[in-house]
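Please read the following explanation with the sequence and the model side by side.

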Amino acid sequence: TSWVAGLYYLANDEDLDRYYTYASDFTSEYDTQTWAAFAQLDTNISEKLTLVTGLRIENREIDYSDNNLVKFSPDKDLWGGKIALEYQWDDTNLLYAGLSRGYRANGLNAGILSSLDATDDPDIIDTLNKVRTFDEETLLNYEVGLKSRLLQNSLSLRVALFYMDRDDQQVKGDFLVPQDGGATTFIEYTSNAAEGENYGAEIEVDWLA
């Protein structure tokens with residue numbers, strides 16, 4: 001068995017000052033901290049067959065506040081992983097099949113929060129409040145493939161078939177807030193769809209002519 005393991009840390013601090021001609025000024029602080037540990041094992045079951053297993057565990061903390069007295073401080077534990085079998089058919093051909101789980105972290109739409117003062121319409125404010133935050137997305141990916149070297153190793157071929165099952169899929173949206181005088185404020189945001197799927201084939205050929 002060969003293995004790799006590691007630790008990961010990311011801190012991100014964002015301060016926003018936004019000045020409007022049609023509403024009061026807006027200030028906010030958006031801080032995130034991410035801690036993670038990960039490991040992967042490649043275990044030789046036989047001379048030709050290898051079992052690959054991997055795991056990543058992550059903790060993500062968000063601390064948000066603004067001058068509208070809005071506070072948002074979620075603390076999320078997330079995890080992803082992988083299990084696959086690789087069959088080394090011969091020196092130049094590798095077949096594999098695997099299942100992996102991934103994720104995209106949760107968050108909030110700072111553009112929405114900074115635009116709540118831009119309108120007095122209760123229906124628009126209610127709509128904006130519903131998409132202030134978004135949840136994490138999880139993904140299960142099923143994949144089979146082939147990696148080959150041909151023509152005395154001068155040609156490299158990779159073929160993969162995949163299917164992705166997405167839960168709470170993160171999607172982009174936009175919203176227009178009308179202003180007095182006919183102007184509008186354009187707001188982009190991220191929200192969650194219930195589910196989604198991706199599937200397809202990928203082929204890559206490298207030829208050393």
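Threonine 32 is buried, its relative accessible area being 9%, where buried means under 20% relative accessible area, exposed means over 50% and partly exposed lies in between, for a 1.4 Å probe and protein chains only. This is a predicted model, in which local features need pLDDT of at least 70 and side-chain atom pairs count only at pLDDT 80 or more, while totals for chains, interfaces and linings use all residues. Residues are numbered from 1 along each chain as its sequence is written, and side-chain values use heavy atoms, with hydrogens and water left out.

Threonine 32 belongs to strand E2, which covers residues 26-44; strands (E, at least two residues) and helices (H or I, at least four) are DSSP runs numbered from the N terminus. If neighbours within four places in sequence are left aside, threonine 32 is in contact with Leu10, Ala11, Asn12, Arg60, Glu61 and Ile62, contact meaning heavy atoms within 4.5 Å.

One of these partners, Glu61, lies in strand E3 and is partly exposed, with a relative accessible area of 31%. Glu61 is also a member of a negative surface patch, together with Asp13, Glu14, Asp15, Asp17, Asp25, Glu29, Asp63, Asp75 and Asp77. Such a patch is made of residues with over 30% relative accessible area and no salt bridge, like charges being joined within 9 Å, and a salt bridge is a side-chain nitrogen of Lys or Arg within 4 Å of a carboxyl oxygen of Asp or Glu. Strands E1 (2-18), E3 (49-66) and E5 (75-90) each supply at least two residues of the negative patch, and the largest share, four residues, comes from E1.

Not counting residues up to four places away in sequence, phenylalanine 134 touches Ala105, Asn106, Gly107, Leu108, Asn109, Gln170, Thr190, Ser191 and Asn192. Phenylalanine 134 and tyrosine 96, by contrast, are 35 Å apart in space, C-alpha to C-alpha, and 38 residues apart in sequence.

The loop between strand E9 (137-150) and strand E10 (155-167) holds glutamine 152, which is exposed at 83% relative accessibility. Asparagine 153 has its place in the loop between E9 and E10 and is partly exposed, with a relative accessible area of 47%. Phi is near 55° in glutamine 152, a positive value in a residue other than glycine, and phi of asparagine 153, near 70°, is likewise a positive value in a residue other than glycine.

Conventions:
Patch = residues over 30% accessible without salt bridge, like charges linked within 9 Å, V, L, I, M, F, W, Y side chains within 5 Å. Areas by Shrake-Rupley, 256 points an atom, 1.4 Å probe, with all protein chains shown as cover. Lys, Arg positive; Asp, Glu negative; His and termini not counted. Charge placed at Lys NZ, Arg CZ, Asp CG, Glu CD.
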